[in-house]
Amino acid sequence: MSLVVVFMPAPSATGDTWFVNEAATTGTNDGTPWSNAFQGVSGVRNALSVAGAGDAVWVTHGTYLPTDSADRAVSLNPPGGVGLFGGFDGTEEAIGERDVVANLTLLSADLAGDDGPSFANREDNSFHVLRIENPGVQVNGFTIRGGMASDEPGLGGGGGIRVAPESDPLVKRCRIIENEADMGGGVWVERGGRFEDCEFSQNRAISLGISTGGGVHAAITLVGGQPTFTNCLFIGNAASRGGGIAGDHSEYELVNCTLVANRTTADTIGGGAFLEGTFGRATISNCALWANAGTAGSDAETAQVWTPSDPLFLTLNHCCIQSYAGVLPAEGAGNFATDPLFIDEFGADGVPGSGDEDLRLGIGSPLIDAGLNAAVPSNVTLDFDGLPRFVDDPATEDTGAGDPPVVDIGAFEFQVDAEPVPVPVATLSSTVAFVLVLLSIATAAFHRRQLASVSGDPR
Ligand SMILES: [Ca+2]
Ligand SMILES: [Ca+2]
Ligand SMILES: [Ca+2]
Ligand SMILES: [Ca+2]
């Protein structure tokens, strides 16, 4: 078995690490070491009150709130240069030992603990779960849920995360789900910011007829800076305009993202991605836009992605776009409309973005080996699952561009060797052999999760 091991440097060689464990009831509750971790739902907030530039905050599974009060205006706001990392179980000595899939670490806006399905009881929630206003912040390994900015005084933007200009955070391996705002239900971002391996699902911005960006609203930038999204999923988000992501006089870049079943509620266009404004620019590469819809339930090309008529505003390279016929005013090449053959795009419940979907690629998917290698940022070597981003499928003709192996389209790379290779047991100890036998009978999906987990999820 080959394992993928990547070591993440600490934010600073001299930085301190602060520990948070919601379930802890003993110790001194002052943050170091694990045995004295900050406790309870206020643990993250208390850690951020003492952390400084270069410090890391390690957080166990559990639920954390921005405040102990009912003050909706309070958000978690990390100091500059602080790395906030979730997904721990409270015993780790290295960040590579955590498992963000097994250890769900929730930053929640549900101050009263009464949220229900379908956005019920959100009127008492925090406006924004996170406000990122300081430079050099990392947020990695959290689920961010329940932000409700639609009834914030003024124009509420960014229910899950509101990113201020010039802060340029790195948000990685986060699930941003079920947040609401006037603009940017999941995220409002102004100018820079990097989002990698994140999922935006079931967020909405529908309070106004012009509400834009169910998943993400890239706000007015005029000049300088653009948010980038790499290996991200946008599933089941809704907005009046721009269900998955919207840009308003702003720039944004999507690379290897999968946008499925996002929708608009007031337009027939731009269910997946939307762009408007004199200064708007969007570069969309190696992305799949499928089953996004406008008000009429349309699956037309313009329901997947839409921009006004100037062809310089939009660049599409090596994307799979439902109903693509080249009517969009866009530059670029390598785009097509063939069914992407996701393993299960809506899941057993038939509802997009509810968490039971599998947007990995099935055998024979036209997205395999169809991307543009040059579009992938040089620091990106892994896919959404933490598995190699560049893999050649010998059974699929390379229709993409670049030296083999050619990157796939979408957030997941087709893993040719996902099935474990049987190992001769005679050469192994009985314990190791038993483990390998168990592995050899596991399903490919199980193996993928194990591989990511065994590798320590050190991203
Ligand atoms: Ca509530
Ligand atoms: Ca589902
Ligand atoms: Ca490939
Ligand atoms: Ca190939």
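Trp290 is buried, because 24 other C-beta atoms lie within 10 Å (a residue is buried if 20 or more other C-beta atoms lie within 10 Å of its own, exposed if 12 or fewer, and partly exposed in between; C-beta atoms are placed from the backbone). The structure is a predicted model, in which local features need pLDDT of at least 70 and side-chain atom pairs count only at pLDDT 80 or more, whereas totals for chains, interfaces and linings use all residues. Residues are numbered from 1 along each chain as its sequence is written, and chains are lettered from A and ligands numbered from 1 in the order in which they are written.

Trp290 belongs to strand β27, residues 288–290. Helices (H or I, at least four residues) and strands (E, at least two) are DSSP runs, numbered from the N terminus. Leaving aside residues up to four places away in sequence, Trp290 touches Val260, Cys320, Gln322 and Pro340; two residues are in contact if their C-beta atoms, placed from the backbone, lie within 7 Å. The C-alpha atoms of Trp290 and Glu345 are separated by 9.3 Å, and these residues are 55 residues apart along the chain.

In the protein as a whole, four helices and 32 strands are found. Of its 459 residues, 54% are buried. Among contacts with a separation of 6 or more, 70% are accounted for by residues 24 or more positions apart.

An open sheet is formed by seven strands in the order β7-β10-β13-β17-β21-β25-β28, with parallel pairing. Strands β7 (130–132) and β28 (305–306) stand at the edges with a single partner strand each, so one side of each is left without a neighbour in the sheet. Two strands pair if DSSP finds at least two bridges between them. Within this order, β17 (residues 216–218) and β21 (residues 245–248) are joined in the parallel sense over three bridges, and His217 has Ala246 in β21 as its bridge partner.

Strand β5 (residues 83–88) is mostly covered, six of its six residues being buried. It pairs in the parallel sense with β3 (residues 56–60) over four bridges, Phe88 in β5 being the bridge partner of Thr60.

Beyond residues up to four places away in sequence, the contacts of Val57 include Val20, Leu84 and Phe85.
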